[in-house]
Amino acid sequence: MNIIKKSFDLGDGRTIEIETGKLAKQADGSVVVKMGDTMLLATVVSTVGAKPGTDFLPLSVDYQEKYAATGRIPGGFLRREARLSDYEVLISRLVDRALRPLFPEDYHADTQVMISLISADKNIMPDCLAGLAASAALAVSDIPFNGPISEVRVAKIDGNLVINPYASDLERATLEFMVAGSINDIVMVEGECDEIQEEEMVEALKFAHDAIKIQCKVQLELQEEAGKTVKREYNHEDNDDELRAKVYADTYQAVYNVAKAGGSKEVRAAAFTEIINNYFDAMPEDTEDLTKALVKKYFHDVQYDAVRNLLLDEGIRLDGRTTTQIRPIWSEVGYLPAAHGSAVFTRGETQSLTTVTLGAKSDEQMIDGAFVNGYNKFMLHYNFPGFSTGEVRPNRGAGRREIGHGALAMRSLKKVLPAGAENPYTIRIVSDILESNGSSSMATVCAGTLALMDAGVKIKAPVSGIAMGLITDSKSGKYAILSDILGDEDHLGDMDFKVTGTANGIVACQMDLKIHGLSYEVLIKALKQAKEGRLHILNEMSKTISTPNEDYKAHAPRIVTLTIDKEFIGAVIGPGGKIIQEMQRETGATISIEEVDNKGIVEIFADNKAAIDAAVTRIKNIVAKPEIGEVYEGKVKSIMPFGAFVEIMPGKDGLLHISEIDWARLETMDGVFKEGDIVKVKLLDVDKQGKMKLSRKVLLPRPEKPAAAPAPEK
């Protein structure tokens with residue numbers, strides 16, 4: 001084995017090690033990245049040739065966590081790793097988005113990157129090492145790649161920026177971004193923050209990029225030592241420069257005119273289709289399929305150049321807007337009468353119908369992952385059916401795109417949810433995209449905010465989101481920053497930058513770059529322009545609803561939270577759960593109880609007030625402490641020769657001694673009481689062992705003493 005190891009310091013004494021040549025040697029490239037006890041195995045394999053007719057990069061990136069890495073056995077019936085969890089999909093997407101732009105544009109071979117968590121340190125998060133591992137595997141392979149790249153997590157903790165912080169420290173973070181980049185450029189950003197300003201975000205990105213540069217240089221050294229500086233030769237495209245020039249000459253002006261004419265998405269698509277169809281009709285009947293495929297490819301290049309030149313030269317967008325103009329917005333809340341909260345948000349040709357459902361603690365989502373496990377009380381699900389873009393597409397459940405878009409919206413709205421007792425509910429938001437031409441994830445953020453306020457959830461502040469675009473020309477130095485981009489502007493542009501925030505600052509972002517050399521000055525300008533757009537959208541939303549409704553909907557379930565002493569938790573639950581199950585059955589309420597900070601937190605959930613009140617009364621009776629001198633109506637539980645035991649509160653019995661039953665002396669208990677009788681008693685005393693002394697006779701009129709006989713006369 002030719003084992004090569006490289007390591008570097010994060011700047012604070014923590015080190016990361018990269019090793020190659022020991023594991024998975026039949027892959028085109030493989031490495032193990034280690035930080036503490038966390039280890040990732042990354043492999044990459046790419047076919048030698050491309051499939052005929054392929055004009056894109058068939059890249060798949062899969063990140064998977066092995067349960068053995070954390071000493072756990074998977075749950076479920078099969079007890080083995082199955083399909084990727086949402087958490088694993090999100091990490092896979094982070095790596096994919098960082099790698100994909102760095103492959104050569106003409107490389108079309110099937111390529112698979114697999115990253116496995118094989119050992120885990122609970123305090124060292126693996127996701128910030130996955131991009132480094134994938135890029136290092138490419139570096140030690142012969143696969144063409146314009147890298148290396150790396151990914152880091154940057155967080156601001158206690159006022160200081162930290163690279164790849166410990167998991168235990170993230171709870172105090174006011175800013176948390178995953179940043180990917182090469183030695184020269186940032187290519188991907190995703191994260192959340194606490195209403196920060198644009199300058200603070202750029203400061204964090206610069207700090208992250210400095211760390212990325214070091215990690216990329218180490219990979220270049222690793223590549224040199226592994227002898228993989230020369231990559232494989234390939235030819236995955238057949239080109240005809242003469243045909244390319246002819247397609248440009250014959251179609252460019254017509255495409256430019258259609259782009260300049262404005263109009264709807266459907267009108268433009270039909271006009272572009274007519275141009276290419278007319279071109280095909282004019283070609284000889286015996287034209288080869290390969291030539292037709294090349295014409296189609298070059299026509300796409302014509303569209304790319306014409307749309308971009310129109311923007312840079314004349315400042316005109318496909319739908320006729322200026323670069324800063326936001327499309328018309330309308331919204332409505334309470335559209336669905338049976339939902340706990342609902343909203344319709346429409347911006348241009350993008351529309352979201354969003355609902356809010358309020359649930360109990362038992363509705364929390366159970367997360368059973370190798371590294372992340374526990375419960376989640378806030379969920380946001382995003383659905384993107386085919387009809388939203390006028391397509392016929394089978395519904396096969398949420399794909400990676402849906403999971404990623406939903407996660408971005410979830411990050412944004414999570415930041416403004418009320419905390420603690422102000423938010424006792426499990427909350428599920430569902431965004432169904434009904435139309436799409438432009439950022440539907442940002443429409444989801446806006447619709448989600450409106451639906452939460454309609455449901456009466458006391459969010460800290462409304463959140464809006466906007467998708468920004470960028471068109472650049474490296475030769476002339478011209479560039480245009482676009483607010484509220486269309487779908488075509490995203491496809492043909494150089495940047496997709498989504499920013500969400502309140503009136504006070506940014507709460508989440510997602511950025512993907514397709515170009516090299518984006519300056520921080522341009523980035524700051526894009527962020528400032530995004531702020532103007534966000535505030536405009538917030539203002540339009542406020543015309544529909546500006547603050548949360550004072551109360552929940554009449555048909556929404558209610559939750560009451562009680563705090564009890566720790567010693568009463570067992571009494572409320574009962575042996576084997578008997579007491580709490582009986583209360584739920586008899587009242588119709590759902591009751592949950594957990595210990596927090598040496599206190600019992602009881603949540604009572606029901607869809608009507610009567611059930612809530614009945615459950616609250618019973619729990620209060622269980623946890624109430626008897627007070628000396630108070631009078632109670634109790635139930636006779638058992639009879640003894642020396643008296644009766646009377647239950648004055650649920651689970652609390654006291655002794656009513658035979659001498660305390662009546663003022664008259666009783667010789668026996670026979671016939672005095674029977675079990676189940678209700679008797680009014682007074683609590684006289686509670687001894688050190690908690691035994692209660694009861695009396696009935698003190699509540700009865702005391703008989704008068706008979707008059708004394710007169711003294712005999714002397």
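Visitor: How far is the sulfur of C128 from the closest cysteine sulfur?

Guide: A disulfide is a covalent bond between the sulfur atoms of two cysteines. Here the term is applied to a pair of cysteine sulfur atoms within 2.5 Å. The closest cysteine sulfur to that of C128 is in C216, 15 Å away, which is too far for a bond. The structure holds zero disulfides. This is a predicted model, in which local features need pLDDT of at least 70, side-chain atom pairs count only at pLDDT 80 or more, and totals for chains, interfaces and linings use all residues. Residues are numbered from 1 along each chain as its sequence is written, and side-chain values use heavy atoms, with hydrogens and water left out.

Visitor: Is C128 buried or exposed?

Guide: Buried means under 20% relative accessible area, exposed over 50%, and partly exposed in between (1.4 Å probe, protein chains only). C128 is buried at 3%, and C216 is buried at 0%.

Visitor: Which residues touch the most other members of the largest nonpolar core?

Guide: In soluble globular proteins, nonpolar side chains tend to be buried together. A nonpolar core is a set of buried Ala, Val, Leu, Ile, Met, Phe, Trp, Tyr and Cys residues joined through side-chain atoms within 4.5 Å. The largest has 138 residues, and L99, I115, F177, I427 and F497 touch the most other members. A second, separate core of 22 residues includes V255, Y256, L318 and L486.

Visitor: Where does D454 lie?

Guide: Helices (H or I, at least four residues) are DSSP runs, numbered from the N terminus. D454 lies in helix 8, residues 440–455, and is buried at 4% relative accessible area. Contact means heavy atoms within 4.5 Å. Beyond four places in sequence, the contacts of D454 include H340, S342, N549 and K553.

Terms used:
Helix = DSSP H or I, 4+ residues; strand = E, 2+ residues; numbered from the N terminus.
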